[in-house]
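Work through the exercises below with the sequence and the model open side by side. Each task is followed by a solution in steps.

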Amino acid sequence: MCPSFSNRRSAMARLLAAALAPASMLAAAHAQAQAAWPIRPITLVIPFPPGGQTDVVGRLVGERLSQRLGQPVVVENRPGVNGSLASEAVARARADGYTLVIGGPGTHAINQLVNPNVKYDARRDFTHIAMLGRGPMLLLASPRLKVASVADVVALAQASPGTVNVALTGIGSSSHVTTELLRQAAGVSFNNVPYKGDVPAMTDVMGGQADLLFVPATSAVGFAQAGKLRALAVAGDRRLAALPDVPTMAEAGQPQVVNYSWTSLAGPPGMPADVVERLNQACQSLLADSEVVARLAAMSNEPTPGTPAQAASFIAAEVARWSEVVRKGNIQVQ
């Protein structure tokens, strides 16, 4: 072989190696960073104010994730537009596993169906990591309303269409779509009165300014036990341990009216598979923890373990389910 040719080939090889070195170093660093994840605090966004089901479950999950991942999980409450603003911000965040969000029926199923200003699709614009827990919706009446059962409510609404005032905890909320389920199933009409959240809605029902409402059992069991609200039915597949004398909607003659307020963990689209898997495993571990199960039960919630694929399938099914209810009820944010 010609010495000059050999020297040129050797020089080219050295140049090529030098050119590839940064890329290989970057790939190695990326792999090392992924293997070490997490190496800094994780932000867990709760898209509602403190105190509600999403917040309470989210803080419990954040605390237990921190223990299992070895890094602080910093909870940030960012309310606004029924949770859509914070959820959209997470959908646009870096997909590195350091920004996550607690999802629920409004933020990750219903909002996009009723509000044209919501700029994300929960099915494709998030990485769904795990379902966390669920609690049934509860139908409650004002103590001043002369009804003792769901059948009484239906009879009253049939006798005086549009005069029964039903408090909604928000347009497009779980409260709203569960009310719509009952309206469609029973073939009656209500006068819907929207509020901004569970507490003001329940306050007016307690005071008699509104007649009825559906609200997550988490928010209302204590008021029902104290007699401040009259629990008429549970929109779940079984009775609540905390209210054993309150029938299910099926037992009350309305089997189509089943709805749970649920929570989930999600992140931006395109998160690394190994990070998603580690987060999911941490979630399965904490959901099996007897203390976590007990704390959820105290809120009339139950854990909902499962894989990321199962979480994504559930979200898609929720969007499909509520699409039909919203369409029939012509529900839109004005």
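Leaving aside neighbours within four places in sequence, Leu182 is in contact with Leu139, Gly187, Phe190, Phe214, Met249, Gln254 and Val257, where contact means heavy atoms within 4.5 Å. The model is a predicted one, in which local features need pLDDT of at least 70 and side-chain atom pairs count only at pLDDT 80 or more, while totals for chains, interfaces and linings use all residues. Residues are numbered from 1 along each chain as its sequence is written, and side-chain values use heavy atoms, with hydrogens and water left out.

**Exercise 1. The core around Leu182**

Task: Find which residues of the largest nonpolar core touch the most other members, and which elements supply the core.

Solution. 
Step 1. A nonpolar core is a set of buried Ala, Val, Leu, Ile, Met, Phe, Trp, Tyr and Cys residues joined through side-chain atoms within 4.5 Å. Buried means under 20% relative accessible area, exposed over 50%, and partly exposed in between, with a 1.4 Å probe and protein chains only.
Step 2. The largest core has 38 residues, and Leu182, Phe190, Leu212, Leu232 and Met249 touch the most other members.
Step 3. At least two residues each come from α4, β4 (127-141), α5 (150-159), β5 (165-168), α6 (174-186), β7 (212-216), β8 (230-235) and α11 (308-329). Helices (H or I, at least four residues) and strands (E, at least two) are DSSP runs, numbered from the N terminus.
Step 4. The largest share, six residues, is supplied by α11.
Step 5. Domain 1 (42-134 + 261-329) and domain 2 (136-252) each give this core at least three residues; the domain bounds come from an automatic or database domain assignment.
Step 6. In soluble globular proteins, nonpolar side chains tend to be buried together.

**Exercise 2. Helix α4 against helix α11**

Task: Describe how α4 and α11 pack, and state which residues meet.

Solution. 
Step 1. The two helices pack at an angle of about 35°, with their axes 8 Å apart. Axes are lines fitted to C-alpha atoms, for helices over the stretch in contact, and angles run from 0 to 180 degrees between N-to-C directions.
Step 2. On the α4 side, His108, Ala109, Ile110, Gln112, Leu113 and Val114 meet Ile315, Glu318, Val319, Trp322, Ser323 and Val326 of α11.
Step 3. By class, the residues of this contact are eight nonpolar, three polar and one charged. Ala, Val, Leu, Ile, Met, Phe, Trp, Tyr, Cys and Pro count as nonpolar, Asp, Glu, Lys and Arg as charged, and the others, Gly among them, as polar.

**Exercise 3. Val114**

Task: Is Val114 buried or exposed, and with which residues is Val114 in contact?

Solution. 
Step 1. Val114 lies in helix α4.
Step 2. Val114 counts as buried because its relative accessibility is 2%.
Step 3. Neighbours within four places in sequence aside, Val114 is in contact with Gly172, Val326, Ile331, Gln332 and Val333.
Step 4. Ile171 is 57 residues from Val114 in sequence, with a C-alpha to C-alpha separation of 8.1 Å.

**Exercise 4. Helix α2 against helix α9**

Task: Give the angle, the axis separation and the residue classes for the contact of α2 with α9.

Solution. 
Step 1. Helix α2 (residues 53-69) packs on helix α9 (residues 273-287) at an angle of about 115°, and their axes are 10 Å apart.
Step 2. From α2, Val61, Arg64, Leu65, Arg68 and Leu69 meet Arg278, Leu279, Ala282, Cys283, Ser285 and Leu286 in α9.
Step 3. These residues divide into seven nonpolar, one polar and three charged.

**Exercise 5. Helix α3 and its cover**

Task: How many residues of α3 are buried, and what covers them?

Solution. 
Step 1. Six of the eight residues of α3 (residues 84-91) are buried.
Step 2. They are Ser84, Ala86, Ser87, Glu88, Val90 and Ala91.
Step 3. Their cover includes β1 (42-46), β3 (99-103), α4 (105-114) and β9 (260-267).

**Exercise 6. Backbone exceptions**

Task: Where do Ser300 and Asn330 lie, and which peptide bond is cis?

Solution. 
Step 1. Most residues other than glycine have a negative phi, and most peptide bonds are trans.
Step 2. Ser300 has a positive phi of about 60° and sits in the loop between α10 (290-298) and β10 (302-303). Ser300 is buried, at 13% relative accessible area.
Step 3. Asn330 has a positive phi of about 50° and lies in the segment after α11. Asn330 counts as exposed, at 62% relative accessibility.
Step 4. The cis bond runs from Trp37 to Pro38, with omega near 0°; Pro38 is in the loop between α1 (3-36) and β1.
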